[in-house]
Amino acid sequence: MAKIDRIIQQEINPFDRVTFYAGNFWQEEQSEALTVEGIHKEAIAQVTEMLEMVAADHQTRTLLLCGDPGSGKSYLLGRIKKLLNSRAFFAYIGPWVESDRIWRHILRHTVDSLMQVPESESQGKGNGEGKGEGKGEAKSESQLLLWLQSLSAFSDGSPMKKLLGKRNLFIRNLRSAYPVGIFNPNEFFGALYGLTDPELYPLACDWLRGDDLDERSLEILGVKRAIETETAARDTLANIGRISTAVKPIVICFDQIDPVAETPHGYRELQALFTANTTIHNERLHNFLIAISLITNTWRRNEQQVLEADKDRLDRIVSLGGITWDEAEALWAKRLYPLHRQAKPKPASAIYPLTRAVLEEKFPGGKTLPRDTLKLGRQIFQEHKVNLGLDKTKLEKTKEKTKSKQRTPAKIPRDSIQADPDAAFQLLWNDEFNKTERRIGKIRHVSGPEMMSMLREALEALEVQEIQPRLLPSQKYGNYSFSCELPGYKGKVGFVWSEETNMTNFFYVMKACAKTIDLGLCKTLHLIRAERFVTTTNKSYNLYRKLFGGKTHRHIIPDIESVHCLATYHQFVNAAVAGELVVGDRTPDLAELQSLIRSAGIFQDCTLLQDLQVVAARSKKSEAKSSKTQQKKQVSNAQKITLSLIKLNGILARKILVQNVKAQADDLDKSKINEVIQQLAEEGKIQLLGDEAQETQFVCLAPKS
């Protein structure tokens, strides 16, 4: 076994990369090996107590979770989910676009979360949305199916097996079990029946989340209409709570919603949430634990604007404070343990190469925040790694035809002590993008208003001017649109994003587009839509062809990768405004994030932005999807990841570098990644140190000439 300093030189900084970033806690995989049990123990106890109270009497309760940026609010929610997922179902709700759609937003994201497989099910069974993958793998059930299979209607001689394929009996049993208090019972129970049929399951989920299904889909599912109004969304959510009393509570977590309060109408938007919370209590929506997470200063600025009656519906306020020196030291020890266990002899201190003295000097008050503790750990670890230099590695290079050996005269750049923001951002982006790919399977799973908000955020980052929301003169569909000024266009340019599959509703979108054009509200109007038309013979399609069949106004078909790009940036925007985004050693605000995204050039590869002529196309559209182009893109991405890892760490063992590139570029095998490393070395961008055996080589940046 190697000495600890040798291991430090060859390994990734354990405090690096996505260490500090906590997005949607459903997507974050928390390792128990990195958890310090004592941190926020009181807060966990309070949440657990409230959940036990809801489970006992089924009465909905609400808690407000407050803390400074970096105190660990999002991480705590993820930890609570991990601890209590066997005792409750969990849902993540992020910021909403407009208050007049908040119930539909809550329902959509609640169902999306319930479609996920809880950790207790997924561990050892594969993962995915409700199904195990691959032959021989045990089947993993989503929260939604676990909830359905546990209903009382399936006990007492009515097992699931007898109900499959017998829709009327299924509905009758549920109506007998819940004779009152269910909104639109035949439709709702009919959709629940769809969840029991693997072929209908995706369609049933789409209906429950409030997708605008076409007539044929509604007929297949056996329901008459989609969930189109705020009232219908609220009452459907009430149905879910009403039925869940027979199973276990549902914890609905509103996290990173601080951006809502930062809008021009922030007070009004935040009030909408507290109004909805009061409605949940007043209308007796049962069996929910509502957790609202806010930065302490956000709550202080907005508290006076929230109605007293709504504040009275907060059952408890849980405040996250700092952590002690002992807890900070324990946090360091957890991060360093994987390195220490490889070493022989074992280091004398559990936090080597860090020291308690540095901790006490940096935080003399005896308290700090988890994020600040981890940032300090990264800096000290990296400084130690740099100070070790390469002389101590005894890296040797074999001379041709001789057995004589020489030391490699190289030094780790001291620049790596301070994390390169562009390199850190590249790694963070890749990690979050991969999560977004897994989360969003279809474009229409993101609502039109949310897509417009995401596109608007991207254009703002690219410094597009005069962006104005709600272009369409329509109360219902205004937030599906906006306008702006773009170089190369004459006059104002309008954008409409509509994935409606119901052609009646699509007709009203087209009527609003026609009115926009007739009134001269924009010079050019772009319809963004990926969904195919179920028919081409009705008035909706005819009006669409009339408006967008020429050269002035265009129909642009987005690809799923572009949506993943926009959705990933949207997550970053939410985190930046909430003060939760950390890139290397920096905590960028929105303006700094916009600068980083421009510097990284990530939007330059977004096909949708190319089609909208916001950024220049790098290749012909006919070539963009070719296997050769995709392969080049994969290699280019692997090169960026490789260089970013080396810039942040200074030096790495080649085998460790390959493992970490593979973790972020899973579409390439290890042999291809080694080819990428060799190519970068031949181009003079990196330096390979040691003998010719890849297993023992080290990699660092090539010296600047």
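The conversation below takes these features in turn.

Colleague: What kind of model is this, and how are its residues numbered?

Modeller: This is a predicted model, in which local features need pLDDT of at least 70 and side-chain atom pairs count only at pLDDT 80 or more, while totals for chains, interfaces and linings use all residues. Residues are numbered from 1 along each chain as its sequence is written, and side-chain values use heavy atoms, with hydrogens and water left out.

Colleague: How many helices and strands does the chain have?

Modeller: Helices (H or I, at least four residues) and strands (E, at least two) are DSSP runs, numbered from the N terminus. By that assignment the chain has 30 helices and 17 strands.

Colleague: What share of the residues count as buried, and what share of the contacts join residues 24 or more positions apart?

Modeller: Buried means under 20% relative accessible area, exposed over 50%, and partly exposed in between, with a 1.4 Å probe and protein chains only. Of the 705 residues, 56% count as buried. Contact means heavy atoms within 4.5 Å, and among contacts with a separation of 6 or more, 73% are between residues 24 or more positions apart.

Colleague: Which residues of helix 9 are buried?

Modeller: Helix 9, residues 185-195, is mostly covered, since ten of its eleven residues are buried. The buried ones are Pro 185, Glu 187, Phe 188, Phe 189, Gly 190, Ala 191, Leu 192, Tyr 193, Gly 194 and Leu 195.

Colleague: Where does Phe 15 lie, and is Phe 15 buried or exposed?

Modeller: Phe 15 is placed in the loop between helix 1 (4-10) and helix 2 (41-57), and with 0% relative accessibility Phe 15 counts as buried.

Colleague: How should I read the packing of helix 21 against helix 24?

Modeller: Axes are lines fitted to C-alpha atoms, for helices over the stretch in contact, and angles run from 0 to 180 degrees between N-to-C directions. Angles under 35 degrees count as roughly parallel, over 145 as roughly antiparallel, 65 to 115 as roughly perpendicular and the rest as oblique. Helix 21 (residues 448-461) and helix 24 (residues 560-577) pack at about 75 degrees with their axes 9 Å apart, and are therefore roughly perpendicular to each other.

Colleague: Which residues of helix 21 and helix 24 meet?

Modeller: Met 451, Ser 453, Met 454, Leu 455, Glu 457, Ala 458 and Ala 461 of helix 21 meet Val 563, Leu 566, Ala 567, Tyr 569, His 570 and Val 573 of helix 24.

Colleague: Where is Gln 594 found, and what is Gln 594 in contact with?

Modeller: Gln 594 is found in helix 25, residues 590-600, and is buried, with a relative accessible area of 15%. Leaving aside neighbours within four places in sequence, Gln 594 is in contact with Glu 460, Ala 461 and Tyr 569. Ala 458 is 136 residues from Gln 594 in sequence and 8.6 Å away in space, C-alpha to C-alpha.

Colleague: How many disulfides are counted?

Modeller: A disulfide is a pair of cysteine sulfur atoms within 2.5 Å, and by this rule the count comes to zero. The cysteine sulfur closest to that of Cys 565 is in Cys 606, 4.6 Å away and too far for a bond. Cys 565 counts as buried at 6% relative accessibility, and Cys 700 is buried with a relative accessible area of 1%.
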